[in-house]
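Open the model in your viewer and keep the selection tool ready.

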Amino acid sequence: MNAIELLTNDHRKVRALLKELTDTTKRAEKTRTELLATIAKEIEVHSKIEEEIFYPAFKDAAGEGKDEAMYFEALEEHHAAGDLVLPDLLGTDVTSDQFSGRAKVLREMIEHHAGEEEKEMFPRAKALLGNETLRELGARMEVRKAELMASPSLMDIPSKLLGAVASAISPSSDSDDDAINLTRDDDMPTAAARKSGSGKAKGSSARRG
Ligand SMILES: [Fe+2]
Ligand SMILES: [Fe+2]
């Protein structure tokens, strides 16, 4: 599978999952929780393989100008969806009205971003990189994707456990440097907490930040 086929398949899958999610009502607590966990993992892994493998190859081949601008725009869209909107949705009570609105916004962002990649970036990548490089990138991405899919997502790990891991790594350090990638906002309820109904966001719809 070449890089574009792999990424386009991912897009198809996440689009279908997001449609399913936005078609649910707030009564579908279990379905929403499960779909959201799957979507979060898909987006996390897909963004990573693009940012680690596909985007750098695109940027190297792009040079300056329109193609480079496309690369920077795509990165910003990852940041907006993956670092802002998705964590916000993960922190929202699935039985609330806010959840429906936020899920819809995430879906629109992903539709827009995936659409731009498919209509603009991928055709340019094909022209700039050629079939052989796209096949090589696809093979590397397949391997990396399998690794990432098998590894626990930060979103799945209870925040207390993350805190314990972080302090075990740097038990007496005054610096936060070692722990910075392992800790996250403690106000963000975990998927596990939401499933057990003990999530802090239960009944709360306060936006973070
Ligand atoms: Fe992307
Ligand atoms: Fe993509």
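Here is the tour, stop by stop.

This is a predicted model: local features need pLDDT of at least 70, side-chain atom pairs count only at pLDDT 80 or more, and totals for chains, interfaces and linings use all residues. Residues are numbered from 1 along each chain as its sequence is written, with chains lettered from A and ligands numbered from 1 in the order in which they are written.

**Whole protein.** Colour by secondary structure. You get six helices and zero strands. Helices here are DSSP runs (H or I, at least four residues) and strands are E runs of at least two, numbered from the N terminus. Now colour by burial. Of the 209 residues, 27% are buried. A residue is buried if 20 or more other C-beta atoms, placed from the backbone, lie within 10 Å of its own, exposed if 12 or fewer, and partly exposed in between.

**H1 and H4.** Select residues 3–23 for H1 and 97–150 for H4. Their axes are 6 Å apart and pack at an angle of about 165°. Axes are lines fitted to C-alpha atoms over the stretch in contact, and angles run from 0 to 180 degrees between N-to-C directions. H1 is therefore roughly antiparallel to H4; that term covers angles over 145 degrees. The contact residues divide into 15 nonpolar, four polar and eight charged. Nonpolar means Ala, Val, Leu, Ile, Met, Phe, Trp, Tyr, Cys and Pro; charged means Asp, Glu, Lys and Arg; the others, Gly among them, are polar.

**H2 and H3.** Next, select residues 29–62 for H2 and 66–90 for H3. These axes come within 11 Å and cross at roughly 165°. H2 and H3 are therefore also roughly antiparallel to each other. By class, their contact has 13 nonpolar, three polar and five charged residues. Show side chains: Leu36, Ile43 and Phe58 are among the H2 residues that meet H3, whose contact residues include Tyr71, Leu75 and Leu86. Contact means C-beta atoms, placed from the backbone, within 7 Å.

Which residues of H3 are buried? Select Met70, Ala74, Ala81, Gly82, Val85, Leu86, Leu89 and Leu90. Their cover includes H2 and H4.

**Asp60.** Finish in H2, at Asp60. Buried or exposed? Asp60 is exposed, because 11 other C-beta atoms lie within 10 Å. Draw a C-alpha to C-alpha distance to Leu129: 9.7 Å in space, 69 residues apart in sequence.

Note on methods. Parallel < 35°, antiparallel > 145°, perpendicular 65-115°, else oblique. Contact = placed C-beta atoms within 7 Å.
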